[in-house]
Amino acid sequence: MQQTQTHYRSCPFCEATCGLEVETRADAIVSVRGDKRDPFSRGFICPKAYGLKELYHDEDRLRRPMRRTASGWQEVAWDDAYDEIADRLLAIRERHGNDAIGMYTGNPVVHDLGALLYRPVFQRALDSRSLFNSSAIDTLPKIVQTGLMFGRPFPTAVPVPDIDRTDYLLIIGANPVVSHGSLMTMPDAPGRLKGVRQRGGKLVVIDPRRSETAALADEHHFIRPGTDALLLLAMVHTLFDEARIDLGAARDRVAGLDQVREVAARFTPEDVAERCGIAPADIRRLARELASARSAACYGRLGTCVQEFGTLATWGCDLVNILTGNLDRPGGVMFATPAVPVDAALPPGKGIEIGRWRSRVGNQPEVGGLIPSSTMAEEILTEGDGQVRAMVLLMTNPLRSAANSAQLEQAFRKLELLVAVDFYLNETTRHADFILPTPSAAEHEHYDVGLYCLAVRNVAKWSEAVRPAPDGSPHTWEVLANLGARLMGLRDVPVADVDALVLQQYAAAAVERNQRWQDLTADEIVAKLEGGIGPERVVEMLLRVGPYGDGFGRNPDGLTLERLKAQPHGIDLGPLEPRLDQVLNTESGKIELAPQLMLDDVERLASRARAGGNGLLLIGRRDLRSTNSFTHNLPALVKGPDRCTLHIHPSDADRLRIEPGSRARVSSRVGTVEAPVEITTDLMPGVVSLPHGWGHDADGTRLRTASEHAGVNTNLLTDDQLYDTASGTAVLFGTPVEIEPAESKGAEA
Ligand SMILES: Nc1nc2c(c(=O)[nH]1)N[C@H]1C(S)=C(S)[C@@H](COP(=O)(O)OP(=O)(O)OC[C@H]3O[C@@H](n4cnc5c(=O)[nH]c(N)nc54)[C@H](O)[C@@H]3O)O[C@H]1N2
Ligand SMILES: Nc1nc2c(c(=O)[nH]1)N[C@H]1C(S)=C(S)[C@@H](COP(=O)(O)OP(=O)(O)OC[C@H]3O[C@@H](n4cnc5c(=O)[nH]c(N)nc54)[C@H](O)[C@@H]3O)O[C@H]1N2
Ligand code: SF4
Ligand SMILES: [Mo]
């Protein structure tokens, strides 16, 4: 009988970093449970955790690289794949220049340490301006806003609600009970939210849908999609109007207060109430409550980002936090102190640079060196100098996740070369010339370098690989290093030597940014880490120079990777602590309350507030057992009734003659889909919702389970030409649509 082994790691399926206890026997994962001894999650998990096992065993998951040939897919050796891909990329570069090769990355990169740390290395080797910003699909407004206001690159200056101590939590456009939190890393979102009320605090939710989070709240208000910036500026208006401004820790540390007052003066609660659908008295009361609570936090997520005024809404959230004195105080919004400071892996400089160049076709500004992903199709389809002719995709399924995916599909078909680092033959990768399947999460080690910057407590945990990668299978970092080396003309250089160069660069950046160990040099670091390799070594370096680190011997009791690994359940480093002084990094040395980018966008908001539009608006909906598009091939996560349904309010259904249990046809400027209908009063009238990540009925995929639960692709409806102009973020929530009964009725009524 084989021995059972137990492994500890964090779950890779959302941002909550729950601790898992995973049992293996021989080659098999036999169980996945919550790790009760994980100090952060204390045993909490959700149903998706089990996906670790199913994904590991999924027979549809690719284990060998694949090459498209005239007679179909063919397995190819890794080295041959690298050589052929590099030859073809170099030929395209030679003929058409560097910008002819584009790159786009997806959400799972956050959960693959090697992908996260070696992507910049590969991008440097590409040296292209056609790097499309996947943050423009969910996070860019926050990146822009915190970059401009605090002067630091994302994610090193994102204030997160101190949820375990707050007395008042205003959640606007987020559904943490289902999403388990985003840009707010915390296991057990439902428990922590209930905790706010159990302590006597108050929870208020603003959402066009009575969400699962709203169901736990003291108070919920429907809001017309896309009008959050109006609401938040009217709340700021109230704070000024009623002399309730109290800057707290930000006192003497802000610039632009008068400009904020002038902007807010234009948006009275009475002016915005009708557009938002929230009464003026409620708007004033919410502002007063936030100002008078002992501590309070305003937290916005996708609903305030992926909409027409994402940057202004995101700005509004932090204005409210700062002007009520809740920034950097316990129970307010605070900055984490991560044990592995990622700064060294980020571009240097003050916050974020915007508009140093513009995209070729749509004239959209670059943000932090990347151009918005909504320009991807037009950059591929529009002929001329700089046209994108090859794309490298890193763990993404944009033909299901990006706006106007039909147009993007047309574009991908036209590419001379499409390379996908991905383990499924899915709706996107079926168009690839090469698929490079790097291992699943169970097969690599991990440290949540990104997510711990956003945590509601300071924690550190090293995740073990539960199973080794299949024989000869490289990890994502090795794939990126191999391809990158070839693009730089270093074909015969062993990957270990490439990796040594990478460490050298990271060490130099870490030494430059580190304030604590003045005499530490990059050479000392490199010498002391000799023998290590890959992302693990980079993490060790950052941990040891970081705020809890041993400083390479200078602080003998400090953390080392060895000490971290000796505590496989993770280490609790305590509650968030005030640290605005350390975070603030603007030229002025102050929090920039009124960045020009926001001021420039206010006029657009004001005119939209007047013009409006009263048609039906389509929003998204997440559910507990999906993670975007890639978990639908896992049986435990798709069984049961169809979740890909159109939710509509009874009053709209009546008006449009949509019957319960029928199918409806939903059309937007760019496309049409048909979906089964669920009629529910949980939605605001005038708003309909469809989840994303479905539509698994395409030919030529290898997703046997997903194709039996196909659903429809809502991103056939979302519009690439509709975006938050300040950041270039696509509007995924608030797409104007028309709805009519579909001719074919659903089977069950
Ligand atoms: N309409 C609408 N659209 C949305 C959203 C919405 O709310 N509404 N949400 C948006 C958001 S927030 C996001 S983040 C994006 C997400 O969109 P994407 O970033 O495209 O994420 P997925 O669709 O899950 O695709 C992930 C891909 O990575 C592969 N993959 C997953 N894990 C691994 C791994 O460990 N190794 C390898 N090699 N491959 C892996 C999967 O096979 C899959 O092809 O979708 C966005 N799209
Ligand atoms: N179970 C599960 N968890 C996930 C994911 C998943 O696919 N499934 N995806 C992960 C990812 S990639 C991300 S980015 C996070 C996202 O995390 P969240 O932002 O918490 O997730 P959503 O469910 O998209 O929540 C957005 C909420 O905004 C509401 N909304 C829509 N439009 C508007 C608007 O205009 N104004 C306001 N105020 N509200 C609006 C929606 O009804 C919804 O309740 O979740 C992560 N966690
Ligand atoms: S909440 Fe997120 S991290 Fe926790 S078990 Fe579920 S998917 Fe995994
Ligand atoms: Mo996301």
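Let's start with ligand 1, where 26 residues gather around the molecule and Asn-107, Ser-401, Asp-422, Thr-438 and Ser-629 come nearest. Please keep in mind that this is a predicted model. Sorted by class, the shell around ligand 1 holds 13 polar, 10 nonpolar and three charged residues.

Several polar contacts can be picked out here. The side chain of Asp-422 places an N or O atom 2.6 Å from an oxygen atom of ligand 1. A nitrogen atom of ligand 1 has a polar side-chain atom of Asn-715 at 2.9 Å.

## Ligand 2 and its surroundings

Now move to ligand 2, which is surrounded by 30 residues. The closest are Ser-179, Asp-207, Gly-226, Asp-228 and Ser-626. In this shell there are 12 nonpolar, 10 polar and eight charged residues.

Both side chain and backbone take part in the polar contacts of ligand 2. Arg-622 has a polar side-chain atom 2.8 Å from an oxygen atom of the ligand. The backbone of Asn-628 brings a polar atom to 2.9 Å from an oxygen atom of ligand 2, while a polar backbone atom of Val-178 lies 3.2 Å from a nitrogen atom of ligand 2. Taken alone, ligand 2 exposes 920 Å², of which the protein buries 98%. Helix 5 (176-179) and helix 11 (302-305) are the elements that give two or more residues to its shell. Domain 3 (159-337 + 579-599) and domain 4 (615-741) both contribute to the shell as well, so ligand 2 lies between them.

## Ligand 3

Which residues surround ligand 3? They are Cys-11, Phe-13, Cys-14, Ala-16, Thr-17, Cys-18, Ile-45, Cys-46, Lys-48, Ala-49 and His-180. By class, eight of these residues are nonpolar, two are polar and one is charged.

## The second largest pocket

Next comes an open space in the protein. The second largest pocket has a volume of about 800 Å³, and 27 residues line it. Nearest its centre lie Arg-152, Pro-341, Asp-343, Arg-513 and Gln-515. The lining is made up of 13 nonpolar, eight polar and six charged residues.

Which helix gives the most to this lining? Helix 17 does, with three residues. Helix 17 (495-513), helix 19 (534-545) and helix 21 (580-583) each supply at least two residues of the lining. In terms of domains, at least three lining residues come from each of domain 2 (65-133 + 341-448 + 465-567) and domain 3 (159-337 + 579-599).

## Cavities inside the protein

How many cavities of 30 Å³ or more are found in the whole structure? The search finds seven. The largest cavity has a volume of about 100 Å³. It is lined by 16 residues, with Lys-142, Pro-159, Cys-298, Tyr-299 and Gly-300 closest to its centre.

Strand 8 (160-161), strand 13 (297-300) and helix 12 (310-323) each provide at least two residues of the lining of the largest cavity. The largest share comes from helix 12, with four residues. The classes here are nine nonpolar, four polar and three charged residues.

## Two backbone details

Finally, here are two spots to look at in the loops. Pro-155 sits in the loop between helix 4 (140-150) and strand 8, and the peptide bond leading from Phe-154 to Pro-155 is cis, with omega near 0 degrees.

The other spot is Asp-127, in the loop between helix 3 (113-126) and strand 7 (132-133). Although Asp-127 is not a glycine, its phi is positive, at about 50 degrees.

Note on methods: Residues numbered from 1 in each chain as written. Chains lettered and ligands numbered in written order. Predicted model: local features only at pLDDT ≥ 70, side-chain atom pairs only at ≥ 80, totals over all residues. Heavy atoms only, no water. Near = heavy atom within 4 Å. Polar contact = N/O pair within 3.5 Å; in protein donor to acceptor, adjacent residues only side chain to side chain. Nonpolar A, V, L, I, M, F, W, Y, C, P; charged D, E, K, R; others polar. 1 Å grid on protein atoms, 1.4 Å probe; cavity = no way out; pocket = protein on both sides within 12 Å on 5 of 7 lines; lining within 4 Å. Points joined across faces, edges and corners; volume = space filled by probe spheres on them. Domains from an automatic or database assignment. Areas by Shrake-Rupley, 256 points an atom, 1.4 Å probe, with all protein chains shown as cover.
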